[in-house]
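Here is a short note to read alongside the model. Keep the structure open and check each point as you go.

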Amino acid sequence: MIDPISEFHEGKVISKQFQLVSIDERIASTGSKYYIFHLKDDTGKISGFYFQSIDKEVFEKLKNVNIVFIEGIVEKDKNSELVIKITHFKGIDKKEDIRKEDIFKREDNIEVYWKELEKLIDLVDDGEIKKLLTIIFSHEKIRERYSEYPAAKSVHHIKLGGLLRHTIEVAKIAYNIYKVFPDKLDKSLLIAGALLHDLGKIEEYEVYYDREITDRGRFLGHIIMGVMRVRDVIKKIGDFSPKKAVLLEHIILSHHGRLEYNSPVVPLIPEAFIIHYADEISTKLDIFDIQKEKNNKEENWSNYVRSIERKLYIGDYNDLK
Ligand SMILES: [Fe+2]
Ligand SMILES: [Fe+2]
C-alpha cells in the first residue's frame, strides 16, 4: 500500500488519494471560510484543512464524491493530532481514475497463493473434477477477481486478494484433514469443494470506492451464484458425471452449515461438514488478526466483534492477570 495514513508523521509531504468520508465548511474568526476534509484509508483516518475558498459548485460536487486526491503537508494541530494542510485537491469521479493502492490494503503473496492453488489442483485424481477446476481457475476474469477481491466486506480476509488467501486456507485445512482420514473422504471432491466454495463471491463483491456488495450479490448471494456458475461450466464440459455434480453443488450450498446462516441445505456428507468447518477455522483465525491490527492501544481484549457476538482475547498469554 502506498503511504498508509498509519505511517504519517509531521512534515510528510502528501500526494495521494483518500476515501472522502465527508467535508465540512467552516467560518474562521476572521470571517473567511475554510474546509475540513474527513479522510480515510484502510489504515486510519485523518482530517485535512483547506484554507482557500472553494467555488460553491465545486463544493456541492465534492459532497457526492467518494475518493479525493490530496496534495499537502502533515502538520500537528493544537491538540497534537496529525492533520493535513491541503494545498491542492481533486475529486475523483471516474472508476478508472481510482488508485486502489493508495486506499486499500492488499495481500502480499498473491503469486504464492496461485502456485499453491495449482498444487492443490494437481492433487485431484478425478479427471472430470480436475478439468472443471482447471477451466474455472484459468479463466482470466476469475483469476483477476480472486486476486483483487476481499472474502468479505468487513469481517474477515478484507484485504484485496483476501478471497484467494481464504480459499487457499480452506483448501489446505481440508486437505490436511483428508490426510488424517484418507479412507473416509473423497479427496477430489473435498479439494474441489474447498476451492469452489466461495466462487460466487467474485460476483457478490466489487471494489471501487469501497468494498461494496453488488445488486446481484444482494439478490442472489454468493452461495447460489457459485452453484450457478459451476453448473454453467459443467454444462459446457458436457459429459460430466451428474452424481459428482450434485455432490459438489451440495458442498457449496451447505458450506455455511446452517439454514439461518444462509445455507439452503445443511451438510449431509463428510466432505460438506469438513468444508464448513474449514471455512469457519479460516474465518475465525482471520478475525483475530483483524482485531489485533485494529488494536493500536495494545489492549488485551478486542472491541466487541458483532459478527461473532463477543470480545476476543488478543493479548499475550503472559499478560494474563
Ligand atoms: Fe461463504
Ligand atoms: Fe468462505
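1. Start with one term. Two residues are in contact if their C-beta atoms, placed from the backbone, lie within 7 Å. By that rule, Ile 191 touches Leu 120, Leu 123, Val 124, Ala 171, Ala 174 and Tyr 175, leaving out residues up to four places away in sequence. Bear in mind that this is a predicted model.

2. Now the overall picture. The protein has 321 residues, and 31% of them are buried. It contains eleven helices and seven strands. Its C-alpha atoms fill a box of roughly 80 × 55 × 35 Å along the principal axes. Look also at how the chain meets itself. Take contacts between residues at least 6 apart in sequence: 56% of these join residues at least 24 apart.

3. How is the protein divided? The domain assignment gives domain 1 as 5–102 and domain 2 as 106–294. The centres of the two domains, taken over C-alpha atoms, are 39 Å apart. Six residues from domain 1 and five residues from domain 2 make the contact. On the domain 1 side, the touching residues are two nonpolar, two polar and two charged.

4. Next, the cores. In soluble globular proteins, nonpolar side chains tend to be buried together. Here the largest nonpolar core has 41 residues. Ala 174, Ile 191, Ala 192 and Ala 194 have the most contacts inside this core. Several helices each supply at least two of its residues: H3 (110–122), H4 (127–138), H6 (162–180), H7 (187–196), H9 (215–237), H10 (242–254) and H11 (270–294). Which helix gives the most? H6 does, with eight residues. There is also a second, separate core of 20 residues. Tyr 50, Ile 67, Ile 70 and Val 83 are among its members.

5. Turn to the barrel. Five strands close into it, in the order S1-S2-S3-S5-S4. The pairing is mixed. Strands of a sheet pair through backbone hydrogen bonds, either parallel or antiparallel. In this sheet, neighbouring strands are turned by 50° against each other on average, with direction ignored.

6. Strand S1 (residues 13–27) and strand S2 (residues 33–41) run antiparallel and are joined by eight bridges. Gln 19 has Lys 40 in S2 as its bridge partner. Ser 22 stands opposite His 38 in S2. The hairpin of S1 and S2 has five residues between the strands. In this hairpin, Gly 31 takes a positive phi near 95°.

7. Move on to S2 and S3. Strand S3 (residues 44–50) pairs with S2 in the antiparallel sense, over seven bridges. How many residues lie in the hairpin that joins S2 to S3? This hairpin runs through two residues. Ile 36 has Phe 49 in S3 as its bridge partner. His 38 stands opposite Ser 47 in S3.

8. End with the parallel pair. S3 and strand S5 (residues 82–92) pair in the parallel sense, over three bridges. Ser 47 has Val 83 in S5 as its bridge partner. Val 83 also belongs to the second core, the one with 20 residues.

Key:
Residues are numbered from 1 along each chain as its sequence is written. Chains are lettered from A and ligands numbered from 1 in the order in which they are written. This is a predicted model: local features need pLDDT of at least 70, side-chain atom pairs count only at pLDDT 80 or more; totals for chains, interfaces and linings use all residues. Domain bounds come from an automatic or database domain assignment. Ala, Val, Leu, Ile, Met, Phe, Trp, Tyr, Cys and Pro count as nonpolar, Asp, Glu, Lys and Arg as charged, and the others, Gly among them, as polar. A nonpolar core is a set of buried Ala, Val, Leu, Ile, Met, Phe, Trp, Tyr and Cys residues joined through C-beta atoms within 7 Å. A residue is buried if 20 or more other C-beta atoms lie within 10 Å of its own, exposed if 12 or fewer, and partly exposed in between; C-beta atoms are placed from the backbone. Helices (H or I, at least four residues) and strands (E, at least two) are DSSP runs, numbered from the N terminus. Two strands pair if DSSP finds at least two bridges between them. Axes are lines fitted to C-alpha atoms, for helices over the stretch in contact, and angles run from 0 to 180 degrees between N-to-C directions.
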